[in-house]
Amino acid sequence: MRIVEFTGFILLSGALHAATLVVAPLPGGGSSGGEGGASEVTLQAATPTLAAMARDWDRPPEVSDAPALATPDTTAAPDRPTQDQPFAPHAETTALAAPHAAPDKPQADTRLP
């Protein structure tokens, strides 16, 4: 029974596709010269704005030279501490206060009656 249904739907689909091609045929290509070359084409010069845009597009981009990089001053190196030098004195720190004890939590009676 399934094979009959499947075959029927395939045939119905093919018929609908064929009917669509008959009703709306595929469009043909454009005509280049018409019947015997009688078709005409009108050309119009580009506006000055459009011509300027085309010239700007075709012109190569302006390239500038890279700026000269300054060389770093290496005459005076920074002073680094050695192992012989003592560390800088640190500010005295105080301990934090002890945390407060948690308040007594209420106790619930969970015994079964």
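1. Leu12 comes out as partly exposed, at 47% relative accessibility; here buried means under 20% relative accessible area, exposed over 50%, and partly exposed in between, with a 1.4 Å probe and protein chains only. Leu12 sits in helix H1, residues 2-23. Helices here are DSSP runs of H or I with at least four residues, strands are E runs of at least two, and both are numbered from the N terminus.

2. A word on the basis: this is a predicted model, so local features need pLDDT of at least 70 and side-chain atom pairs pLDDT 80 or more, while totals for chains, interfaces and linings use all residues. Residues are numbered from 1 along each chain as its sequence is written, and side-chain values use heavy atoms, leaving out hydrogens and water.

3. Leu12 also belongs to a nonpolar surface patch with Phe9 and Leu16, about 340 Å² of accessible area together. Patch members need over 30% relative accessible area and no salt bridge; nonpolar side chains (Val, Leu, Ile, Met, Phe, Trp, Tyr) are joined within 5 Å, like charges within 9 Å. Areas are Shrake-Rupley values with a 1.4 Å probe, and for residues only the protein chains shown count as cover.

4. What about H1 as a whole? Its 22 residues should span 32 Å at 1.5 Å a residue, and the end C-alpha atoms are 32 Å apart, which agrees; the expected span is 1.5 Å times one less than the number of residues. The number of buried residues in H1 is 0, so the helix lies largely in the open.

5. Residues 1-18 carry the UniProt feature "signal peptide", from an unreviewed entry; such annotations may be inferred rather than shown by experiment, feature names are shortened, and positions follow the numbering used here. That span is 94% helix and 0% strand, with its end C-alpha atoms 26 Å apart.

6. I count 2 salt bridges, meaning a side-chain nitrogen of Lys or Arg within 4 Å of a carboxyl oxygen of Asp or Glu. Arg2 pairs with Glu5 at 3.9 Å between the closest N and O atoms, and both lie in H1, 3 residues apart, about one turn of the helix. Arg2 is exposed at 68%, whereas Glu5 is partly exposed at 39%. Arg59 bridges to Asp56 at 3.1 Å, with Asp56 partly exposed at 44%.

7. Overall, the protein has 2 helices and 0 strands, and buried residues make up 0% of its 113 residues.
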